[in-house]
Amino acid sequence: MGRATARGASTTYEDRLRTLLEAVAAGATAPEEAARSLRDLPFADLGFARVDHHRELRQGVCEIVLAAGKTRSQVRAIVERLVADNVGPVLVTRADSEQRADVREVAEAAGLPVEEVERAGCIAMARNMPAPAGSVLVVTAGTSDLPVAEEAALVARLLGTHVELRADVGVAGLHRVAAIREELEAADAVVVVAGMEGALASVVGGMATAPVIACPTSVGYGATFGGLAALLAMLTSCTPGVACVGIDDGVGAGFVAARIARGSAGADR
């Protein structure tokens, strides 16, 4: 699922295309047959969605399917096309129990293993994952932040990193942050998931060696305004090396962290 590395490695998707082109060059496959195989390379138009198959070649990652707002039949159709026409892991996020059941059925029919994080509403088919490279540490301010943190951790794992998750180390008890100081120093990228006032990102940013991706959550009460208070605090952090994604954006945080970690380990260009 990772992109070609500086050492010349390639993705499984690129290998499949290369095999097809070599077969045409050798005369084993007719150009017309190859053209039929490639007709949906850029995207497949399902009417209600244009499934971007080319993303796996372009970025080394399949499209991530956001199930929220989609019908069961729409989610199922998109997943079936990704399974048929791509080769990397398939991830569906923010899915309800019925949508996840449909994804499990598609995976079972294809003989693919499934990894499900019910609390986060995520389900993935973990096929052809790249060898893990680099390390991502995901920390949460509170237990209520876990759904978003688990989403970020799953994304980072699927993209090919070693991931550890440490929950409930918020600033209300700084001794809890101190207890994971060695892990903060060892990680190639750190994701901080926090609601309320979002102060944990600045604290961790001042302790971690690696870049910190701050992910505000909508957890909280009072003047948190659905995560806006945490978002603004993280965006205005006085600690260098802290970057910020949107509210409840575990996918974005995990994706960026994995790219940083794999790049740090020399696995991605």
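The tour goes from a sheet to the helices across it, and then to a helix pair.

This is a predicted model, where local features need pLDDT of at least 70, side-chain atom pairs count only at pLDDT 80 or more, and totals for chains, interfaces and linings use all residues. Residues are numbered from 1 along each chain as its sequence is written, and side-chain values use heavy atoms, leaving out hydrogens and water.

**The sheet.** Select the five strands of the open sheet, ordered β8-β7-β9-β10-β11 with parallel pairing. Strands (E, at least two residues) and helices (H or I, at least four) are DSSP runs numbered from the N terminus; two strands pair if DSSP finds at least two bridges between them. At the edges are β8 (162-166) and β11 (242-244), each pairing on one side only. From one strand to the next the twist averages 20 degrees.

Now select β9 (residues 189-194) and β10 (residues 212-216), a parallel pair with five bridges. V193 stands opposite C215 of β10.

**Helices across the sheet.** Angles run from 0 to 180 degrees between N-to-C directions, with axes fitted to C-alpha atoms, for helices over the stretch in contact; contact means heavy atoms within 4.5 Å. Next, α11 (residues 250-264) lies across β7, β9 and β10, at about 175 degrees to β10.

**The helix pair.** Finally, select α4 (residues 72-85) and α5 (residues 97-110), which pack at about 30 degrees with axes 9 Å apart. The two are therefore roughly parallel (angles under 35 degrees). Residues in the contact include V75 and V79 of α4 and V103 and V106 of α5.

Definitions and conventions:
Angles under 35 degrees count as roughly parallel, over 145 as roughly antiparallel, 65 to 115 as roughly perpendicular and the rest as oblique.
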